[in-house]
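Trainee: I have a model open and would like to learn how to read its features. Could we go through it together, one feature at a time?

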Amino acid sequence: MPKSFVFHKLKKRRVICILVATTTRQQLFCLTGQYSRKELLEIRLQEQFFCPTCHAPLLLKVGKVNIPHFAHKTLSNCQHFSEPESSLHLHGKLLLYQFFNQLNFKAELEKYLSKVRQRADVLVDERYAIEFQCSPIPVSQLLQRSKGYQQLSISPIWLKGLKEPCLEGIGLLHLKVHEVAMMQYAGQLPYILLFCPPDNRFYYYSNLFYVSSSRWVGKTKSLSATKQIFPFARPKPLSKEEFNLVMGIFYQAKKQYVRSQLYAGNRVGNLYCRLCYELCLDATNPPNLFGVPLVGADCFKQPAVLWQLLVVEAYEKGIGVDWLIQTGKLTLRESEKEQQAITLTADYLTLYLKYKDDALNNSNILDILYDNYCKNVRKLRK
Ligand SMILES: [Zn+2]
């Protein structure tokens, strides 16, 4: 890494910009959009501002590019802010604050919670902490912050910052680990909430189906802040056409996976090839019932085709799924998802045994899987 880059990064981390300051009379001064730039320039001549956390003097910056904000006069070690300087973060915090204000919630910007030494981007009704996350954050830190809020009976809500509007529709999504950690659930349907300051819209990555470590298939849909409600609207289940698109992407991913396994070299030691052999299946083209998208299958780390083969093979040998999990043959993404995994595999086996002898084409497998999806969504919503 070149030295200049390291320096730039360090420097950037230490410039902390905020929207709330204290005045000489110990009052809070919030840049929530109530003053014009001209008014702020006048106020700046008469007032001095200090950081509510480290008490260092602040500069009120009223420029043309960024929204008005406070910056520490000197590079500081100011703590308790989750994010380094970014105009996206400042802009988003301000819009979110205004969003809650317009809905008549008690919204507090950059609210410091001394008991847990954390600062929420926006605290809503003293019950919800809105974390608008624009930069990558270690998962351990994200969980730690969530835990801190929960200790105070405050529900954390993570919103991922979007720099620009993104394409809507069904597609493959590449999610980083900290984004996966921001996942919420509507029943067992995982989704991630995003916010895009430039167009003041919320985005949903919803109905997420796990493909492999960083790849998910899901639906991207936006909702204007003027139409959003709070608690935030929950995403809707997929239509049959949308589910068909998900299936298409799943089959592509399955094809890719199969190819990678066939060319992996050591076929004898390859788990996928061995399972196909034992189940007397054509490894180059396993039947349509293997590798299907199912609600709740994000409990497994392995690709759908592999865990589904494992489950069927175990069934034929009279082996229980719990044994597969205990021996690590089936790997879970999180250990507490064992019950979910057991219910899911039982569901999958029922489906498999019911249809395994039918000649299935693309259209009736869509009917079967979509019915199954709807049944699960209904069950989970109850
Ligand atoms: Zn400070």
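Trainee: Which residues does lysine 337 touch?

Mentor: A contact means heavy atoms within 4.5 Å. Leaving aside residues up to four places away in sequence, lysine 337 touches Tyr185, Asp298, Cys299 and Leu332. Lysine 337 itself is found in the loop between α9 and α10. Helices (H or I, at least four residues) and strands (E, at least two) are DSSP runs, numbered from the N terminus.

Trainee: Is lysine 337 buried or exposed?

Mentor: Buried means under 20% relative accessible area, exposed means over 50%, and partly exposed is in between (1.4 Å probe, protein chains only). Lysine 337 counts as buried because its relative accessibility is 10%.

Trainee: What should I keep in mind about where these values come from?

Mentor: This is a predicted model, so local features need pLDDT of at least 70 and side-chain atom pairs count only at pLDDT 80 or more, while totals for chains, interfaces and linings use all residues. Residues are numbered from 1 along each chain as its sequence is written, and side-chain values use heavy atoms, with hydrogens and water left out.

Trainee: How is the protein chain divided into domains?

Mentor: Domain bounds come from an automatic or database domain assignment. Here they give domain 1 (1-79), domain 2 (81-236) and domain 3 (241-381). The C-alpha centres of domain 1 and domain 3 lie 53 Å apart, and the C-alpha trace of the protein chain spans about 85 × 45 × 35 Å along its principal axes. The chain holds 11 helices and 15 strands.

Trainee: What does phenylalanine 243 touch?

Mentor: Not counting residues up to four places away in sequence, phenylalanine 243 touches Phe209, Leu238, Pro293, Leu366, Leu369, Tyr370 and Tyr373.

Trainee: How many salt bridges are there?

Mentor: Side chains of opposite charge can pair when their charged atoms come close. The rule asks for a side-chain nitrogen of Lys or Arg within 4 Å of a carboxyl oxygen of Asp or Glu. By this rule the count comes to 16.

Trainee: Which parts does the pair of arginine 274 and glutamate 313 tie together?

Mentor: Their side chains meet in a salt bridge (3.5 Å, N to O). Arginine 274 lies in helix α7 (residues 271-278) and glutamate 313 in helix α8 (residues 304-316), so the pair ties together parts that are 39 residues apart in sequence. Arginine 274 is partly exposed at 29%, whereas glutamate 313 is buried at 9%.

Trainee: And what about lysine 356 and aspartate 357?

Mentor: They form a salt bridge too, with the closest N and O atoms 3.9 Å apart. Lysine 356 is partly exposed at 37%, and aspartate 357 is exposed at 65%. Elsewhere, salt bridges that share partners join Lys106, Glu108, Lys111 and Glu126 into one network.
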